Amino acid sequence: MWLLLAASAAVCFGLRGILYQWTSRQPADRNVLLFGVYACGAVVALGLNVFWGQSWTAGALVGIAMGLFSFVSNSAMHKGFAVGKASLVALLVGLPPLIVVLAAMLLWDEHLSMGQTLCFVVILGGGLLVKSAGGLSLRNMEGAQWGLLAMVTFAFTDLSSKQAALSGGETLPTLVLMYVTGSLLFAITAVFERKRQQAGAAHEAATLARKETAAAAEEKQAPRWSLSKTFGVGMAVGVTNISGMILMMPAMKMGVTGLVSAIIALNALIIMLYAWTILRERVKPLELAGMILAFAGVLALRLLG
């Protein structure tokens, strides 16, 4: 059951990645957009808990730490897609299982069997093969710092999710606290960023007036999305995020932490399929081989389970 939940979460997070990559190229306020993503999560999680009535236990407080880590990881991933090469950011974002497996061994004494270890290596190796086949080089490393930050904090989010389950935290109350925390952080960041931009607007306008005509400046700048449109798009994107988290948390509770993290990390393959079919990018032999290898590892893990 945990494998099905983790695979479904990977699909949701893959869709989230596609939408993040698209919105990162739009003239939208990143913090307002992500505020919408987290506001959606808070509303959905709270609404579902009204019907399901899961208990508010002390373990749910771990959701606050999850909110902090996911605030950093989602910000960094979105920023990485905006300024860097998507394949490089995807490569780094796909590496959290390496951290998660080692941390789970140290924190909870979780060990993989020989067969599970082999499956882990095959799944992770297949994912890395797909993502590293994108022609990375030292000359296109822009955005690497954001991808690296996202990698570390996504790993901490996974580990916090496992800790919440071990501490007796129910899924929905934990997610409510996570999304409320993230929403507050994005709202505060958006307000401060907006004030900073307004403070520098007068100086920027004066500089533009000296260098070019008002008409030229207007042509140069793309029209920005309104706050309501940005927030609304964020709410829509948030459906994929909250769906993935609702599926991930019980998977973490039932399965081995490192393996669940490895399955979820395959969400990058969804993004590759999107690039191949919708964006019409050429499929490279190494990418195809990596995808086959990754799904073979998932199948082998299912047979072992």
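Tutor: A search of the whole structure, a predicted model, finds three cavities of 30 Å³ or more. On a 1 Å grid over the protein atoms alone, a cavity is a set of points where a 1.4 Å probe fits but cannot get out. The largest cavity holds about 220 Å³ of space, a volume being the space filled by probe spheres set on the points, which are joined across faces, edges and corners. Its lining comprises 19 residues, and F13, R16, F154, D158 and I264 lie nearest the centre; lining residues have an atom within 4 Å of a point. Two or more lining residues come from each of helix 1 (2–23), helix 3 (62–83), helix 5 (96–108), helix 7 (144–166), helix 10 (227–254) and helix 11 (257–264). Helices are DSSP runs (H or I, at least four residues) numbered from the N terminus.

A39 counts as buried because its relative accessibility is 12%, where buried means under 20% and exposed over 50% (1.4 Å probe, protein chains only). Beyond its neighbours within four places in sequence, A39 is in contact (heavy atoms within 4.5 Å) with S183, F231 and M235.

L184, in helix 8 (residues 171–211), counts as exposed at 52% relative accessibility.

Residues are numbered from 1 along each chain as its sequence is written. Local features need pLDDT of at least 70, side-chain atom pairs count only at pLDDT 80 or more, totals for chains, interfaces and linings use all residues, and side-chain values use heavy atoms, with hydrogens and water left out.

Notes: 1 Å grid on protein atoms, 1.4 Å probe; cavity = no way out; pocket = protein on both sides within 12 Å on 5 of 7 lines; lining within 4 Å.
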